[in-house]
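User: I'd like to learn how to read strands and cores in a model. Can you walk me through it?

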Amino acid sequence: MALSVDVVIPVFNQWELTDSCLRHLAAQTREHQAIVGDNGSTDGTREHLPRDWPEVRVLRTDGPGAFAVVCNAGAAAGSGDVIVLLNNDVDCRPDFLEQVVAPLEREPALGSVAALCTRPGGRQIDSVGITCDTTLSPFARLQGRPVAAAGSAAPVLAGPAGTAGAYRRTAWEQAGGLDEAFVAYHEDFDLALRLQALGWGTVAAPTAVCTHVGSASHGYRSYVQRRRGAFGRGYVLRRYGLLRGRAAPRTALTETIATVGDTLSSRDLAAGRGRLAGWRAARGMPTRAQPPQAIDSSITLRDAIALRRRGPEGQLAVMSPVSCSICETPLAEPTITAPDRLHGTPGRFAVAVCGSCGAGITLPPVSAPQLAAYYPEDYAPYQGRPHRVLGALSTGIRTWQGRRARQTAPVDAVVALHPGRAVDVGCGRGDIASMLAVRGWRMTGVEPSGAACAVARERGVEALQGVLAGVELERGAYDAALFRQSLEHTDDPVGDLRRIHAALRPDGVVAISVPNFGGWQSRRFRGHSFHLDLPRHRVHFTAAALERALLRAGFEDVRTSTSTSGVGLWASVQYRIFGRCLFPSGMRLHLATALCMLGLPVAVAADRLGGGDLLHAVARRPG
Ligand SMILES: [Zn+2]
């Protein structure tokens with residue numbers, strides 16, 4: 001009997017991946033209805049979907065919400081006999097649906113089917129469903145093995161992974177779908193156990209092949225991801241009564257090793273806090289049955305520890321964008337990790353380097369409110385003038401810095417033009433904008449800090465509070481635009497450049513300065529580099545990456561150059577020696593800045609050899 005098929009795809013941003021996923025679905029030999037659960041995307045997914053894929057059903061949630069909630073809503077919206085869950089970073093072979101549904105058509109007692117998910121390149125297995133040991137710790141089954149091993153009967157299959165799996169609707173509905181108490185991770189495993197406890201069989205379909213294109217990027221897991229994984233684990237521990245009964249001693253030992261190990265390697269409490277929260281969330285709930293046929297008792301404690309070290313807990317996040325924000329190439333594992341050395345935000349952050357354009361991308365991706373929380377009240381560019389003893393010195397430095405700024409990139413490119421209208425993106429307290437205003441420019445500033453905006457307005461700048469994506473700029477009205485150490489603070493540099501492109505008149509000029517990720521200081525100091533400034537700097541530009549971003553946004557005549565900041569080298573030396581900033585704000589910062597200026601000649605000499613720590617670009621909107 002031919003069963004009808006719904007394919008449910010939870011999505012949060014990553015339009016290019018979603019588009020690719022849908023293209024592979026459109027080429028399927030098997031008829032189906034694709035249902036996309038758009039979990040609050042902000043990258044154009046919302047506009048693209050109905051225009052490019054009118055035949056796809058779209059459900060919108062305000063998101064980012066739980067994976068389970070989005071999948072359950074998608075399943076409930078359909079009526080197919082089979083529900084296929086698919087991550088948006090999975091590309092399916094044309095016969096994928098045909099192959100994954102076939103076992104359900106042949107065998108009415110089957111409730112679910114696990115597909116073969118390969119890693120990019122197609123030679124290694126990313127997973128063939130989920131397996132678990134006696135402590136109900138789930139692992140991506142056969143991960144890392146060659147695809148020839150995909151038909152292997154061992155280890156025991158617990159059920160499909162949410163990355164790519166098929167469920168009989170009757171079974172799905174009998175189990176009540178995914179348990180929405182999970183935030184992310186372990187929910188597919190939990191469903192696998194419940195389906196088996198209800199008597200539904202499961203099978204692997206190694207001929208149903210798809211590629212998990214995002215799998216290369218999941219080596220790094222953020223605090224939030226690890227906490228969610230630990231939450232799921234804590235919840236499972238209690239719901240399945242794992243700390244009682246025969247498996248209790250091994251479970252307790254495993255959990256201790258996992259929690260201590262994660263705490264030491266990550267230097268935060270995600271593993272412990274998450275488990276505790278998950279445990280509490282399961283309080284008072286009935287204990288779920290452990291189906292013995294779903295458990296592989298041959299996986300030893302030693303195997304389990306090795307598996308855990310290799311892969312993340314449970315299945316992989318679908319909710320995190322993992323492609324380059326400039327050229328959209330999928331990113332490999334991060335090669336730099338570092339804490340917030342300036343303001344001490346908890347956790348460690350990472351930078352993955354794009355193999356195509358050379359840009360560094362800060363991970364994990366964060367929402368706008370999270371990003372805003374990375375800027376403390378006393379963030380230096382927002383500070384007022386200091387008073388008392390050293391006020392005069394500070395004013396002197398500022399005056400000198402202002403004169404220097406006028407003569408150097410990127411401001412010199414604007415100063416060279418006939419005065420007109422200009423927009424300064426990330427204008428801070430209006431230091432530069434007010435200086436240009438004095439020289440006859442009508443200045444608009446864009447600045448997220450309300451306090452900084454108020455100061456800028458007093459100084460004659462029309463300051464708009466917010467980020468570029470959130471403010472209204474007149475279109476085609478500006479002669480010049482300035483990004484002075486601001487473009488690296490956005491997750492969407494190409495989008496921001498497009499917005500500025502639209503605001504400029506034809507032949508209008510954009511001038512940009514960002515830290516130089518391609519310079520010798522970045523290469524030498526890596527995670528100790530001052531300009532990395534994690535997690536506030538989201539994109540780390542090389543000259544090639546900055547040029548690519550400008551060209552993609554529609555600019556022409558891109559010219560790049562580098563220079564020496566004076567502060568960068570000495571601050572990086574400080575990070576290397578002390579690990580953090582000793583002068584984050586206030587008067588000590590001003591004094592330290594003054595000392596750095598005395599060391600400027602040394603830095604300039606070094607930069608002659610390997611490129612400066614600042615990168616500049618000037619480009620033109622075509623006429
Ligand atoms: Zn790139």
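Analyst: Let's start with burial: a residue is buried if 20 or more other C-beta atoms, placed from the backbone, lie within 10 Å of its own, exposed if 12 or fewer, and partly exposed in between. Helices (H or I, at least four residues) and strands (E, at least two) are DSSP runs, numbered from the N terminus. This is a predicted model, where local features need pLDDT of at least 70, side-chain atom pairs count only at pLDDT 80 or more, and totals for chains, interfaces and linings use all residues. Residues are numbered from 1 along each chain as its sequence is written.

User: Which residues point which way from strand 1?

Analyst: In a regular strand, side chains alternate between the two faces of the sheet. Here V5, V7, I9 and V11 point one way, D6, V8 and P10 the other, and all are buried.

User: What does strand 1 pair with?

Analyst: Two strands pair if DSSP finds at least two bridges between them. Strand 1 runs parallel to strand 4 (residues 82–86), with four bridges, and V7 sits opposite V84 there. Strand 2 (residues 33–39) is also parallel to strand 1, joined by six bridges; its D38 is the bridge partner of V11.

User: And which residues touch the most other members of the largest nonpolar core?

Analyst: A nonpolar core is a set of buried Ala, Val, Leu, Ile, Met, Phe, Trp, Tyr and Cys residues joined through C-beta atoms within 7 Å. Among the 87 residues of the largest one, V7, V8, V84, V100 and A115 touch the most other members. Helix 3 (residues 67–77) gives the most to this core: seven residues.
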